[in-house]
Amino acid sequence: MAGLTIGTLRVLEIAHPNVMYCGRLLAEFGAEVVLVEPPAGDVSRHEMPIIHHGPLHGQSASAAYFHVGKHSITLDLRQADGQSLFRQLAQHADVILDGTIPGQLVAWQLDYGTLQSDNPGLIQAAVTPFGQSGPRSEWLATELVNFAMGGLMAVSGSAAGPPTGAPGPHGAIIGGAHAAFAILTALRVKQRTGHGQFIDVSIQACFAAQENLISAYTGEGRSTPRLGSQHRVATPGRVYACQDGWVHFFVSPAQQGAWDRLMEWMGNPPAFAGTEWADARYRRRHAEEIDAAVSKWTGNFTKQVLYKEAQRRKIPCAPVNTLNEYLQDEQVRARGFVAKTVGNPLLEYDYLTSPWMVDGNRRSLAPLPESGEYNEHLYHETLGLSVADLDRLRALAVI
Amino acid sequence: MGPLDDVRILDFSHIAAGPYGTLQLAYFGAEVIKVESRQRPDGWRIRDSASHIEASRPFADHNKNKLGLTLNMKHPLAHTIVDRLLQVCDAVIDNFSVGVMDRLGMGHEQLRTHYPKLVVVSVPGLGSTGPHRHWVTWGPSIMPLSGLTYLWNQEDGPEPVGSQTSYPDYVVGAHVGALVLAAIISRDVTGEGCWIDLSQAEMSATLLAPYYMSVLHGDDDPNPMGNHHSAYAPHGCYPCLGSDRWCVITVTSDAQWIALCRLMERDDWLTDQNLRTFSGRRDHQGALDQQIAAWTLTQDPKIVMEQCQKVGIPAGVVATGEDLTHDPQLEVRKFLIDTQHPYLPGLVMPGCPVDLMDTPAQYTHHAPLLGEHNPDIICGLLGYTRDEYEVFDVAGVFN
């Protein structure tokens, strides 16, 4: 089996960054995911970074990743004809994905109550920065705002410098993963009752549930500090400069043997010979002395030499890889994390597959769909619109 | 009772990644049997901040609603019990190092052969296959390996700053919930269980997917951008009134730029042609950042946030644990719950980040005390007699 098969499940994804990852996950699970784009194409197709070489020249790297395995229809949801057409499509769908600001679908008369009245089994998931209700539900957010308001930014960055946002679309990914889980839970309910339901995912809550951020405060009255790459308790437990960049050592209190093995590798420096250094808490209090000695020593080697030798000695160590370096990593290559899209001989390109395998295999997905490539299928075959109807809707720029 | 009350999971996972995944299932009524041993309890029970093995906040947070079983896996009778459990479970999960489950006689191949309907989930650091599968990794080492740490830095930072977050633990956990359900639904369709092997390093790299796609297609390695953005400016984190207080402000359109100029009463910026467009503002963003910081420095971060949001600029406080605990938006969602934990009286913790309107998440039971549910599981679920239970107990099976 090439992957999971959750049965015949049609998903309409109203194109929006908040749900682009959820849609891809459902495609990985075997659903028929249809991206619903405006007639001029979704803005995600112009999202940075833009690819400058090869078969995807001029295309968005983001769209090329998030929209693999999906179909695409065009539909202008701002026009009444477009809204009416969407209501018809929703009768033939199992799941609607929506990332728009709360209230938007009500304005388009595409709210859950309206859509479900014609399709009781419909499941609708809204993924938004702050959820559907509450004083801030209509506030605007970007990835940086999500990361800040969710509490993770306060613990990211150096103690002396500003809080530092994470690179990458973390909110879309964590919100999308939680939404996919919620959709599958609702699907289990529907299998028993025949009824779908509405799902409200708050990206802020997805972040705030992590990292003991809340319980550190409610339990001890303190907020978790920002310490750069330095771990709370592990010493060595940070990045150390080496010949060609940095490596990261992580000798936690749970691994006394790793400290002994590191000292042996470093030639048993007399400065750390005393028995007090065996105590992880003592080491943490004297991190500056340890860090000075370790970085002086790591400066003699390259990342790869340190990584390989540390692993031979069973010491948790990793190179601070650039992206190219990670892609060249033996393990990444051996496991086939990068693969080629399938199913369209005219457009075939390398992409990141799912980070999991099912019985040793990864699902192969089709490339980023052309805008509207599924119009014929859904409007003509599913809804039964005539060629003349389609021409009229095209002329009105509804599709 | 809940929507997943027909799902039963045998959970050998510990610390964060696996437990956060099974927690999602437990919120909706899945019966999660958490297996520990008295010699080697979950590592988060014995974190340095916990005064007592039953009084660990992180453990109490990540294991809500679960049942606790202690088994000494070195005892042959423990294997008999596990065999009986696997016959009545839908899924089994571990996040041990590769090979540990094999040594316990529960490698994925053995499990798949003996229990063909079982869903087997492994979440090792680097995946269960490939030349580095046995290499030692912890959450903090996976971030640097996957490229995340390298990019998590200020543009001119002396070294990567990274984060106090245990990425990718929570991202992995959110996916585990979805994957287990997808695999169970898939099993109901095909009649076959499966083995899911998720690499935490690949999951971590997925957070950078757009950048990876760009590099895969021939672009140079990206450089750290700190809080700046490739398509928006100004876009940063600004110091506010108070100790270590900050607010992020992200201007994503020219209209928002005009709104910010008016808010800051900067008529000179409004009329400056150089600042009309993104590229002009990007070229001057160092100077803009300085002046925005001078404006925010005398104001409470929440006031800055509210003023910006009021005029349609995405902005947010860099929320601390204290801010999250009193967040009005999370309050409306009833996100925080009083855990009523016998060893942590009054402790408030985050709840489930997703709302299913008809079948909401429920908090039914505090995280299990060590072996709290041994009799319920051994006698109640598996049907052993009280006498047989005593025999197991005297033989040390529950140690």
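Select Val120(B) to begin, and then look across to β6(B), where its bridge partner is Trp195(B); helices (H or I, at least four residues) and strands (E, at least two) are DSSP runs, numbered from the N terminus. This is a predicted model, in which local features need pLDDT of at least 70 and side-chain atom pairs count only at pLDDT 80 or more, while totals for chains, interfaces and linings use all residues. Residues are numbered from 1 along each chain as its sequence is written, and chains are lettered from A and ligands numbered from 1 in the order in which they are written.

Now widen the selection to residues 119–122 and 194–198 of chain B, which are strands β5 and β6 and which pair in the parallel sense over four bridges; two strands count as paired if DSSP finds at least two bridges between them. Here Val121(B) stands opposite Ile196(B) of β6(B).

Stay on β6(B) and colour its residues by side: Cys194(B), Ile196(B) and Leu198(B) point one way, whereas Trp195(B) and Asp197(B) point the other way, and all are buried. A residue is buried if 20 or more other C-beta atoms lie within 10 Å of its own, exposed if 12 or fewer, and partly exposed in between, with C-beta atoms placed from the backbone. Because five of the five residues of β6(B) are buried, this strand is largely enclosed by the rest of the structure.

Next, cross to chain A, whose strand β12 pairs with β6(B) in the antiparallel sense over three bridges, and find Met357(A) opposite Asp197(B).

With both chains shown, trace the whole open sheet, in which seven strands follow the order β12(A)-β6(B)-β5(B)-β4(B)-β1(B)-β2(B)-β3(B) with mixed pairing. Its edge strands, each pairing on one side only, are β12 (356–358) of chain A and β3 (67–70) of chain B.
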